[in-house]
Amino acid sequence: MLRPVQGALKRDHLDAPRSWRTAALAAIGPLIVLAGAVWALAEPERLPILDPDAQGFWSLAVEPPLLVLLAGVFFHRFIASGLIRDLYQSEET
Amino acid sequence: MEPPSEHVHWMFATGFLVLAACLLAQAIVGDDVWNRSAWRRYFFPGFGFLMGLAMWPVAVFAGGTTIHLLAHFTWAQLMMLAGGAHLALARGKLQHRFWRLTMPVALGVSGLAFLGHEEHGWLYSRSALVHHICGWTLVVGALFPLGAAFRPRSNFFRLGFAATFIVLAIALFALRDSGPVLGNVPSTAHGDARR
C-alpha cells in the first residue's frame, strides 16, 4: 500500500489506556456524546430537526440533545486528544 | 429575530458543559500536564470571558424588569472579570493568588443574582424551578473555587468545581418556557407560564 495512505489509515491513539487517568480522560467526551444520544432517543420531541417544516430558525439551530453531542465531540477532538498525548509524554518521562 | 429565552439558556448550558469537561480533565491530569499547551491554558478563562461578553446582548435584548437587567449586567461584568483575571494569571501578568478569588465572587454573586431576579416560588414554573436550582448551585458551588484559591492542589475542590458546572448545565438544559414544572407536577402559574 502507498506510504501516504498507510499513514492516513494509521491511528495514533488506538493504544490501550496506560493509566486510569488516560482512561478517564478518554471517556469524558464519549460519555457526553452518549448522554446526548440517549437524551435524543428518550425525548425525540426535543429534536425539532425531525419535523423541520413546523419549526422556526432558532428551534432548528439550537437543539439541546445535539448541543450535548457536539460538546462531547468538540471536547474529545480538540481538548482530550492533545491532553492524552501530553499525558503519555509526561508518564514516559 | 431574537432567540426565545429557553434557547439562550440552552446555548449557555452548552458552554458550561464544555467548561465542566475542561475542569474535570484538568482535575484528572493536574496543572503540569494541562498547562503544557498554551491553548489549553487560556481556553478555560478565555471561554469564560467570552461567555461574559455574550451575556451583554442577553441583558439588553431579554428585556423584562429592572432587576432582570441588573442581574444580567452583573453576571456579564463578573464573568468577564473572573475570565480576565484568570487569563492574566495564566499569562503571568497577575501573580497574587487573591486574584483567584474573582471566580468564587463571580459564582456567588451570579447565584444571588439568579435567586434575586426570580420573583416566583420554586413550583411556579419550570423556569422558576431551574432559576432556583441554578442560584443555589452557584451559591454553594462558589465554595469550591474559594477553597481551591487557598488549596489549589486539592482534588476535592477541583472536582467540586467541575461538578458545579455539570449541575448548572443539566439544570439549564432542562429549562422550558412553558409546560409542567417537573414530570407530572403542574405549574402553579395562572394562565400562560411563559417568563
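In this predicted model, helices α5(B) and α8(B) cross with a left-handed sense, a crossing being left-handed if the near helix is turned anticlockwise from the far one by less than a right angle, and right-handed if clockwise. The contact (heavy atoms within 4.5 Å) is made by B:Met103, B:Leu107 and B:Phe114 of α5(B) and by B:Phe161, B:Thr164, B:Phe165 and B:Leu172 of α8(B). These residues of the contact of α5(B) with α8(B) comprise six nonpolar, one polar and no charged, where Ala, Val, Leu, Ile, Met, Phe, Trp, Tyr, Cys and Pro count as nonpolar, Asp, Glu, Lys and Arg as charged, and the others, Gly among them, as polar. Helices here are DSSP runs (H or I, at least four residues), numbered from the N terminus.

Helix α8 (residues 155-173) of chain B also packs against helix α7 (residues 143-150) of chain B, at an angle of about 150 degrees and with the axes 8 Å apart; axes are lines fitted to C-alpha atoms, for helices over the stretch in contact, and angles run from 0 to 180 degrees between N-to-C directions. The helices α7(B) and α8(B) are therefore roughly antiparallel, a term that applies to angles over 145 degrees. Their crossing is left-handed, and B:Leu143, B:Phe144, B:Pro145, B:Gly147 and B:Ala148 in α7(B) meet B:Phe156, B:Phe157, B:Gly160, B:Phe161 and B:Thr164 in α8(B). By class, the residues of this contact of α7(B) with α8(B) are seven nonpolar, three polar and no charged.

For helix α1 (residues 5-29) of chain B, the axis comes within 8 Å of that of α8(B), and the two cross at roughly 160 degrees. The contact of α1(B) with α8(B) has 19 nonpolar, four polar and one charged residues.

Between the chains, 26 residues of chain B are in contact with 27 residues of chain A. Chain B and chain A bury about 2300 Å² between them, 77% of it on carbon and sulfur atoms, buried area being the accessible area (1.4 Å probe) that two parts lose on being put together, summed over both.

Chain A averages a pLDDT (the predictor's confidence in each residue, from 0 to 100) of 82, and 81% of the residues score at least 70.

Residues are numbered from 1 along each chain as its sequence is written, and chains are lettered from A and ligands numbered from 1 in the order in which they are written. Local features need pLDDT of at least 70 and side-chain atom pairs count only at pLDDT 80 or more, whereas totals for chains, interfaces and linings use all residues, and side-chain values use heavy atoms, with hydrogens and water left out.

How values were computed
Angles under 35 degrees count as roughly parallel, over 145 as roughly antiparallel, 65 to 115 as roughly perpendicular and the rest as oblique.
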